[in-house]
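Please view the structure below before reading on.

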Amino acid sequence: MKPLLKTDIGSFLKRFGNFVDAEIRSIEPVSSNIIRVLIATQDSARGFDWITINVEFSSIIDAKLIESSKLSLVDMSEGITFFYQDNCFALSINNYNNLENIKNDIFYIVSSSIKYEEDLF
């Protein structure tokens, strides 16, 4: 897995088209401090072929997760929100721009560290 730096968030989101119309395939709490999210998305670096991205959040600060049985109901037509604020990485599926508002979402993860790896579709 490669670490994702705060300076790389913009290019990461651009490469994967802000994950518009992506699919969250699984959310796996590995431990009380690590959560893995598997996302199927299109990759502009590969001619917009579909790939999966395994994103690992560690040093979890706060999270609200969706049950696996409800993942297929999640609307990803607007992509994801992903930002860095106050030494924290934050991910949500609705359009929020700060840590206070993100807590209104049905799904969010806030952590101190993030890594990712690419895999086949």
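Asp43 forms a salt bridge with Arg15, with the closest N and O atoms 2.7 Å apart. A salt bridge here is a side-chain nitrogen of Lys or Arg within 4 Å of a carboxyl oxygen of Asp or Glu. Asp43 sits in strand 3 and Arg15 in helix 1, 28 residues apart. Helices (H or I, at least four residues) and strands (E, at least two) are DSSP runs, numbered from the N terminus.

This is a predicted model: local features need pLDDT of at least 70, side-chain atom pairs count only at pLDDT 80 or more, and totals for chains, interfaces and linings use all residues. Residues are numbered from 1 along each chain as its sequence is written, and side-chain values use heavy atoms, leaving out hydrogens and water.

The salt bridge count is 10.

| Pair | Closest N to O |
|---|---|
| Asp43 and Arg15 | 2.7 Å |
| Arg36 and Glu56 | 2.7 Å |

Arg36 lies in strand 3 and Glu56 in strand 4, so this pair ties together parts 20 residues apart in sequence. Glu56 is buried at 6% relative accessibility. Buried means under 20% relative accessible area, exposed over 50%, partly exposed in between (1.4 Å probe, protein chains only). Arg36 is partly exposed at 28%.

Now the cores. A nonpolar core is a set of buried Ala, Val, Leu, Ile, Met, Phe, Trp, Tyr and Cys residues joined through side-chain atoms within 4.5 Å. The largest has 30 residues; Phe19, Ile24, Phe57, Phe82 and Phe107 touch the most other members. Strand 4 gives the most to this core, with five residues.
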